[in-house]
Amino acid sequence: MKLFFYNTLTRKKEEFQPIEEEEVKIYSCGPTVYKDATIGNMRTNIFQDVLRRVLAYNGYQIKHVMNITDVGHLVSDGDEGEDKMLKSAREEHKTPLEIANHYTQLFFEDLTSLNIQTPEVVCKATEHIKEMLAYVEELVEKGYAYETSTAIYFDISKLEQYPVLSNLNLEEQKAGARIEVDPEKRNPYDFAVWIKAPENHLMKWDSPWGPSYPGWHIECSAMGRKYLGEQFDIHTGGIDLVPTHHENEIAQSKGVCGKIPANYWMHGEYLLINGGKMSKSLGNVYRIQDLIEKGYHPLVYKLFSYSCHYKNKLNFTWEGIQAAAKSLERLKNGYQAHLEGKDEIADTMVNEYEERFHQAINDDLNMPLAMGVVWEVVRNEKKSPMLAKLLLKFDSVLGLEIEKETKQDKEEIPQEILDLVEERKQARKNKDWAKSDELRDVIQQKGYDIKDTKEGTEIKKK
Ligand code: AMP
Ligand code: ZN
């Protein structure tokens, strides 16, 4: 069956044609490991997981590379401000390595809890300095990069076309802050590929330009080339990466080998919270851990994300999550009912369901449409193990572990108890241990056991 993806590069939905017949090569921009990942970040990771699973459903082998940015991502996506890793290390009184290790571990715990498959290659920026430096040196040798007193900049005027991926209109954009930061730049949109380190900078490496560190964009270009070659099939990331990070990756690759590194560029849209942005000041920055603490299994969030196409904005609400929790339960019960059923089902009916599901996922990962077919199968009044088997096949794409028992059933826990758990969470946040213990006693008196685990707080009826 034909497979179609929307390609940001051509702004069209295109039939997917891999470079090699059997193996699809994908590069995904991974996390900058300086803080907790949010459910927004996880939406992008779920989209990438669905992509992998859909390719596998179509019979492809996959080589998927994801980087871990542990140096060089500055506070602004341009070239301004402090390195995010160093800022976090300073604020948390830790070393950059401690920060990187801590948040990398948490990131992978989130992926595991969401049943997101680990890419075949996970590569850290700090372990690929040699490759990045070689890339920068090639750019300089070929005349695409130049030295200033603070950095090595990519000269965008050397390219026939910039930008190619985004609608960025350079003429209309005011050069603004970027020019002010470094008047030695030849063009306002020139970007740093390598940055000279100030005297007391913690993360720096020797280079022909003295102690310095890589720019953010060079990381992905160098690691992508190392593991996937100069040209591969698909490059993914969140929509915010289009105008700067991905545009600049393409520029670097054009400079070094004259090619756009990937044939298909796929971008996931943002998750909104109650119709707006997630922000610290609004106190609505949620992590997977926060969902667990409220009694929701992370896979509830995964199912919730299938209510919307990856290219559309998805609005997160607690009501939506509550509904998704019920849906996940219904899906699991529906699977069990079919498994235990004894009705006869015609092969043609199974094949028709399968065909429609396959068509939906092959149409640019249309998960809302695919879920429509899943629900039809669940609701089929005839109960048959053939339909259970079909649901299990669909679950190779959904990744919802439908055959497993849910660890915790939110339905069973009354709101009053959940409110007390929330209050206790706040007390623990404020390090008010006495209040936290007192609330634990109240919860226990009301007939519930409460346990603090690595995965969060577990609540169980006694
Ligand atoms: P950040 O930690 O904000 O640098 O985000 C890391 C990546 O996660 C971004 O490049 C986005 O692609 C993605 N991301 C961040 N916030 C959201 C969101 N609200 N919805 C979807 N993806 C997001
Ligand atoms: Zn990247």
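In the predicted model, lysine 25 stands opposite lysine 63, a residue of strand β4. The two strands concerned are β3, spanning residues 23-28, and β4, spanning residues 61-68; they run parallel and are joined by six bridges.

This pair belongs to an open sheet of five strands with parallel pairing, arranged in the order β5-β4-β3-β10-β11. The edges of the sheet are formed by β5 (121-124) and β11 (262-268), each of which pairs on one side only. On average, neighbouring strands of the sheet are turned by 20° against each other when direction is ignored. Helix α1, comprising residues 39-57, lies across β3, β4, β10 (232-238) and β11. The helix runs at about 155° to β10.

The residues around the ligand are Lys35, Gly40, Asn41, Thr44, Lys84, Gly238, Asp240, Leu241, Glu269, Tyr270 and Leu271. Classified by type, this shell consists of three nonpolar, four polar and four charged residues.

A nitrogen atom of the ligand lies 3.0 Å from a backbone N or O atom of glycine 40. For glycine 238, a backbone N or O atom is found 3.2 Å from an oxygen atom of the ligand. The side chain of aspartate 240 places an N or O atom 2.8 Å from an oxygen atom of ligand 1. On its own, ligand 1 has 480 Å² of accessible area, of which the protein covers 81%.

Two features of the backbone were identified in loops. The peptide bond from tyrosine 162 to proline 163 is cis, with an omega near 5°. Proline 163 is located in the loop that connects β7 (151-154) with α5 (176-181). Asparagine 274 is placed in the loop between β12 (271-273) and α8 (288-293).

Notes
Residues numbered from 1 in each chain as written. Chains lettered and ligands numbered in written order. Predicted model: local features only at pLDDT ≥ 70, side-chain atom pairs only at ≥ 80, totals over all residues. Heavy atoms only, no water. Pairing = 2+ DSSP bridges. Helix = DSSP H or I, 4+ residues; strand = E, 2+ residues; numbered from the N terminus. Axes fitted to C-alpha atoms, helices over the stretch in contact; angles between N-to-C directions. Contact = heavy atoms within 4.5 Å. Near = heavy atom within 4 Å. Polar contact = N/O pair within 3.5 Å; in protein donor to acceptor, adjacent residues only side chain to side chain. Areas by Shrake-Rupley, 256 points an atom, 1.4 Å probe, with all protein chains shown as cover. Nonpolar A, V, L, I, M, F, W, Y, C, P; charged D, E, K, R; others polar.
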